[in-house]
Amino acid sequence: MTKWIVLWLASLAIVAGLTSALMRAQAPSQAPPPYTSQAPPPAARVVSGADIGFRVESSKDGRAVGTLVVRINGQWVETAASVAPKRLTAR
C-alpha cells in the first residue's frame with residue numbers, strides 16, 4: 001500500500017514540474033518600457049499586408065493601440081464596421 005502512495009506522490013511531483021516548465025515557457029518576455037513624457041512616441045506607422053493594415057498610434061502596457069486601415073488608391077483609409085442585428089426566427 002505504501003508503495004502505491006509513494007508512486008502516486010512521485011507522479012504528482014512529475015506532473016507539477018512539467019506544468020511549471022510549460023507555464024514558464026509560455027509566459028511573455030519582459031515587456032518594453034512604456035513611453036515616457038520626455039520622449040514622444042514615434043509617428044504613426046502602418047503595419048500592413050498588400051491592401052490591409054493596422055495604423056499604430058500609441059502603446060499601452062506594451063501593446064499596440066491603433067486603427068484598422070485599408071489601402072485605396074495608394075492612401076490609407078480608416079475602416080468602419082457595418083454590423084447589423086438580425087432577427088432570429090424559428091423554422
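The following questions and answers concern a predicted model of a protein chain.

Reader: What percentage of the residues of the protein chain count as buried?
Author: The accessible surface of the chain comes to about 8500 Å², and carbon and sulfur atoms account for 62% of that surface. Among contacts with a separation of 6 or more, those between residues 24 or more positions apart make up 8%. Of the 91 residues in the chain, the share that counts as buried is 5%.

Reader: Is Thr 67 buried or exposed?
Author: Thr 67 has its place in strand E3, which covers residues 63-72. Leaving aside residues up to four places away in sequence, Thr 67 touches Gly 53, Phe 54, Arg 55, Glu 57 and Glu 78. Because its relative accessibility is 17%, and the cut-off for this class is under 20%, Thr 67 counts as buried.

Reader: Which side chain does a polar contact of 2.9 Å join to that of Thr 67?
Author: The residues touched by Thr 67 include Arg 55, Glu 57 and Glu 78. Among these, the side chain that a polar contact of 2.9 Å joins to the side chain of Thr 67 is that of Glu 57.

Reader: Which side chains meet in a salt bridge, and at what N to O distance?
Author: The structure holds 1 salt bridge. Arg 55 lies in strand E2 (residues 52-60) and Glu 78 in strand E4 (residues 75-78), so this pair ties together parts that are 23 residues apart in sequence. Arg 55 is itself buried, because its relative accessible area is 18%. The side chains that meet are those of Arg 55 and Glu 78, with an N to O distance of 3.5 Å.

Reader: What distance separates the C-alpha atoms of Ile 72 and Asp 51?
Author: Ile 72 has its place in strand E3, and it counts as partly exposed because its relative accessibility is 46%. Along the chain, Ile 72 and Asp 51 are 21 residues apart.

Reader: Which residue lies over the face of Trp 4?
Author: For pairs between aromatic rings, the count comes to 0. A charged side chain is another matter, and here the cut-off is a charge within 6 Å of the ring centre. At 5.7 Å from the ring centre, the residue over the face of Trp 4 is Lys 3.

Terms used
Residues numbered from 1 in each chain as written. Predicted model: local features only at pLDDT ≥ 70, side-chain atom pairs only at ≥ 80, totals over all residues. Heavy atoms only, no water. Buried < 20%, exposed > 50% of the residue type's maximum accessible area, 1.4 Å probe, protein only. Contact = heavy atoms within 4.5 Å. Areas by Shrake-Rupley, 256 points an atom, 1.4 Å probe, with all protein chains shown as cover. Phe/Tyr/Trp six-rings, centres within 6.5 Å; stacked < 30°, edge-to-face > 60°. Lys NZ or Arg CZ within 6 Å of the ring centre and 35° of its normal. Helix = DSSP H or I, 4+ residues; strand = E, 2+ residues; numbered from the N terminus. Polar contact = N/O pair within 3.5 Å; in protein donor to acceptor, adjacent residues only side chain to side chain. Salt bridge = Lys/Arg side-chain N within 4 Å of Asp/Glu carboxyl O.
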